[in-house]
Every structure is written in structure tokens, then in C-alpha cells.
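Please keep the sequence and the structure in view while reading.

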Amino acid sequence: MEATGGTALCVCSFLFILTEVSSEFIHIPSLVHHGTEGKPLLLPVETHFQLDEVEIQGTWSHTTTSGTRTTLVTFTKNATITDMMYRNHILFREPNVSLLIRKLNQDDEGDYHLNLNIQFHNNKGLVVKEEKTVRVIVDVPVSIPVIEKYPSYAVVEDKANVTWTCSVERGTRVVFQWLRDNVPLGPGDRYHFSHDNSTLFINPVRKEDKGTYRCIASNPISKGRQSRNMELNVYYGPYNLEVNSGQGLRTGEVFTINPGELVFFECQADSNPPNSYVWISKSRNTTQIITEGPRLEVRSYRLAQAEEYMCRAFNNATQKQDEAEFTLVVASLGTGKEKHTQEGGSVTPLAAITVCSLFIISCMLLFFLKRTCHPKRVLMNIYNRPLAEQKRPHRSGHEDASEDFGIYEFVSIPGKMESAQASCRSLARFESVQDMHTTIYDVIRHVPETPSHSLLK
């Protein structure tokens with residue numbers, strides 16, 4: 001029992017010392033290091049013990065990616081032996097047993113092993129062995145990626161596929177990313193990528209694949225190296241064919257225009273390359289090509305009450321076509337519609353208002369002149385004078401000629417008149433009886449004579 005207890009105590013003491021050395025006396029900050037080709041890389045080791053209190057012995061060794069292991073340096077507390085093949089390539093730093101690689105290359109990539117034996121002076125006979133492994137990754141900066149497309153010419157939708165490739169001249173562990181019109185692309189039903197994303201395969205090509213493509217290459221030491229832009233031209237269509245017009249009234253596929261109106265129709269469809277258009281007239285179960293091109297001009301005075309038309313769009317690249325039919329009806333739409341006559345003239349609302357205003361003003365002037373200069377008005381003014389003035393004797397008939405100047409109306413009434421002078425009331429009574437008298441108009445000009453003229457007479 002005593003022997004067993006002594007053995008257990010020794011084991012516990014050894015484990016305590018080993019744990020203390022591992023956790024407090026030896027420390028490597030990072031077990032993975034990314035280095036850049038052509039630049040130095042330090043593999044630091046921190047020792048938390050006094051070198052004067054221990055004896056050390058250790059080695060640094062390198063295992064390549066192919067599995068070959070080589071001892072780089074062997075060291076003790078007082079001496080260092082470096083492999084002659086690496087004497088100018090590595091540097092062992094005392095007293096913290098760190099290792100410096102002067103200039104990295106691809107062969108330096110792999111695992112670096114530190115084997116360290118530690119013997120403390122206060123506990124002779126007890127040797128602590130430590131092993132640490134550090135992984136070194138050597139990366140090469142990424143060059144500008146080169147983008148290529150096959151085929152290099154435009155392709156027809158649903159009939160072709162496209163292969164994109166992105167490559168770099170230099171670079172390690174390169175990650176590729178694809179963008180179309182600055183939008184990242186991912187795997188899909190028609191989008192297929194290689195394991196490193198360097199190749200993009202689109203099958204089949206569709207209209208929405210048209211755009212500007214580029215690729216981005218990066219690795220841990222090079223961020224976002226972009227290729228040049230490259231266009232993918234896809235032939236498609238025609239899609240969404242429709243007929244529009246800025247004149248007339250549209251109800252569904254029926255256009256109604258005023259008689260004599262000149263109408264223009266536009267035929268449009270989404271297509272690449274642009275479509276060729278043909279306008280066809282359909283009447284009496286027969287069709288006739290009117291014109292070619294996206295625009296049609298129709299003069300309504302040449303039409304019957306209703307005509308049927310059709311626009312046909314054809315894409316020479318895709319060999320596809322589409323048709324749109326509509327009916328043109330000639331009918332009066334009332335006011336508010338601009339009318340185009342055969343000569344191309346038009347009557348603006350301002351001109352119509354001006355003509356109406358002039359007509360109203362002319363009628364008012366004629367009415368005013370008729371009321372002020374009517375001969376019956378003049379005669380009534382004479383008969384409406386006071387009776388004393390009417391009975392005043394007239395010696396020459398020209399004493400008050402200035403007041404009698406004007407147009408007179410003489411009325412002859414059938415039958416015997418009892419008085420030579422008719423009152424204004426009797427005259428007014430007979431004025432409304434147009435079938436009982438005869439009117440004779442005469443102009444009497446009385447020019448008053450001056451006193452000198454009377455004396456001469």
C-alpha cells in the first residue's frame with residue numbers, strides 16, 4: 001500500500017509540473033500563420049521561465065505539404081546548429097526559441113514543429129518535454145483576373161448556351177465571384193458553377209441574361225481584384241406587341257376618330273434586334289399590305305364607317321413574329337376634339353371665341369343704330385311737342401327750321417279727317433295699323449336763312 005501511494009504521488013507531481021510548464025512557461029500566440037510570398041514571417045514563442053534556472057534542448061523541423069520532414073535547427077542553452085541548406089533562409093532567435101523565415105516561398109508552406117526539453121535546476125532528474133505545431137500558409141497576391149466568353153458573338157434565346165471563364169495569372173487559394181449588372185450571381189436552374197467558381201455555364205440563355213458581366217478574384221491577402229466588363233448580347237422577342245395612337249378615343253381594341261381627322265398609329269414591341277413592321281388592312285375577308293415601318297398614317301375621310309387593321313412584327317434573328325389587330329371607327333366625338341382636315345389646318349378655340357365676339361358686337365351696333373335713327377322716331381318727336389308750340393303761327397315756315405331738320409314720315413289715312421293736325425295720340429293709334437295707311441318717306445332739308453338774305457328779298 002505504501003509503494004502504491006508513493007507511485008501515485010510521483011505521477012501527480014509530474015503531471016502538475018508538466019501542466020505548469022505548458023500553461024505558464026511555453027506559449028505560442030497563433031498556431032496558424034498566413035504569409036505572403038517574398039516577405040518575412042516570424043513564428044513567435046513566448047517562454048515564461050528564467051533561462052538561468054533551466055537547461056533546454058530542442059529542434060525546429062518542417063513538414064512540407066507533400067509529407068517530407070526536415071530538421072531545420074537544433075539548439076541548446078549555449079549552442080545552435082542550423083541545417084546548411086537553410087542557413088541563409090531561417091534565423092533562430094534566442095533566448096525565446098522563436099523562428100524567423102527571412103523570405104517566404106511556396107516550398108515554405110506546411111507544418112513547423114517545435115520539440116523542447118526542459119530541465120529545472122531545482123528538480124534534477126525530471127525533464128519536461130514539450131511539442132508544438134504551427135501551420136504556415138504561403139499565399140501569392142492575386143493578379144488582375146481575365147474574363148472570357150464563349151461564344152464571343154450574340155446568341156439567340158432558348159437556342160444557345162454561354163460559358164464564362166475567369167482566370168488569374170498569379171494567386172493562390174483564389175475565390176471567384178460573378179456579377180451581372182453589379183448584382184451577384186448564384187447557382188440556379190440554368191446557372192452552373194465549377195467547384196472554385198472560376199467557370200459559369202448558362203444553359204439555355206434567356207432574355208433576362210442580357211447585361212454586363214464581370215468577375216472578382218480574391219484570397220486571404222488580396223481583396224476584390226476585378227476584371228473588365230463584358231457584354232452578353234441576347235437576341236429575343238418580339239414580346240408585348242401593342243398599337244397606340246395619340247388621337248381619337250380608344251376603347252379596348254377599337255379606336256374612334258372624328259370625320260376628316262388625320263390619325264397616326266405606332267406599333268411597338270420589346271425585341272432585340274429591332275423588329276420589322278408591316279401594316280395590313282382587313283376588309284371583306286381579304287388582306288392587303290398598306291405600308292411598312294413602325295408608323296401608320298390614316299386619313300379618315302378616305303374610310304368607310306369602320307375598318308379593321310393589323311400590325312405584324314417580325315424578328316429576323318429569332319425568326320419569331322407577333323400580330324396585333326384593332327378596329328378604326330369614324331364617328332363624331334363632339335366638341336373638345338382636335339380635328340385635322342385634309343389640308344392639315346385646324347381651328348383653335350381662341351379663334352372661335354374671337355369670331356363669336358365680333359359677331360355679337362356687330363349685332364349690337366346695328367341694333368343701336370336702328371333704334372336711334374328710325375324715321376318714325378323723328379316724326380314722333382315732332383308730334384310730341386306742346387300744343388301751344390304746334391299752334392304757333394308760322395309766317396315764313398323757316399323761323400324754326402333748325403328744329404325741323406331731318407327725315408319725315410307722311411301718313412295718308414283713308415277717309416275724311418276732321419282736323420288738319422292730328423294729335424300724337426291719334427297718330428300713335430294708327431301706327432300699329434299697318435294695313436290701313438300708306439307711308440311715304442321724304443327728306444326735307446330746311447336751311448335757315450340768315451337775316452341778310454331776308455333783307456335782300
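## An exposed methionine and its patch

M364 counts as exposed because its relative accessibility is 57%; exposed means over 50% relative accessible area, buried under 20%, and partly exposed in between, with a 1.4 Å probe and protein chains only. M364 lies in helix 2, residues 349–372. Helices (H or I, at least four residues) and strands (E, at least two) are DSSP runs numbered from the N terminus.

Together with F359 and I360, M364 forms a nonpolar surface patch with about 360 Å² of accessible area. Nonpolar side chains (Val, Leu, Ile, Met, Phe, Trp, Tyr) are joined within 5 Å, and like charges within 9 Å. Areas follow the Shrake-Rupley method with a 1.4 Å probe; for residues, only the protein chains shown count as cover.

## Basis of the model

The model is predicted: local features need pLDDT of at least 70 and side-chain atom pairs count only at pLDDT 80 or more, whereas totals for chains, interfaces and linings use all residues. Residues are numbered from 1 along each chain as its sequence is written, and side-chain values use heavy atoms, leaving out hydrogens and water.

## A proline in a loop

P294 occupies the loop between strand 27 (286–292) and strand 28 (295–299). With a relative accessible area of 42%, P294 is partly exposed. Beyond residues up to four places away in sequence, P294 touches F265, E266, C267, Y277 and W279, a contact being heavy atoms within 4.5 Å.

## The whole protein

The protein has six helices and 32 strands. Of its 457 residues, 31% are buried.

Terms used. Patches are made of residues with over 30% relative accessible area and no salt bridge: like charges are joined within 9 Å, nonpolar side chains (Val, Leu, Ile, Met, Phe, Trp, Tyr) within 5 Å. A salt bridge is a side-chain nitrogen of Lys or Arg within 4 Å of a carboxyl oxygen of Asp or Glu.
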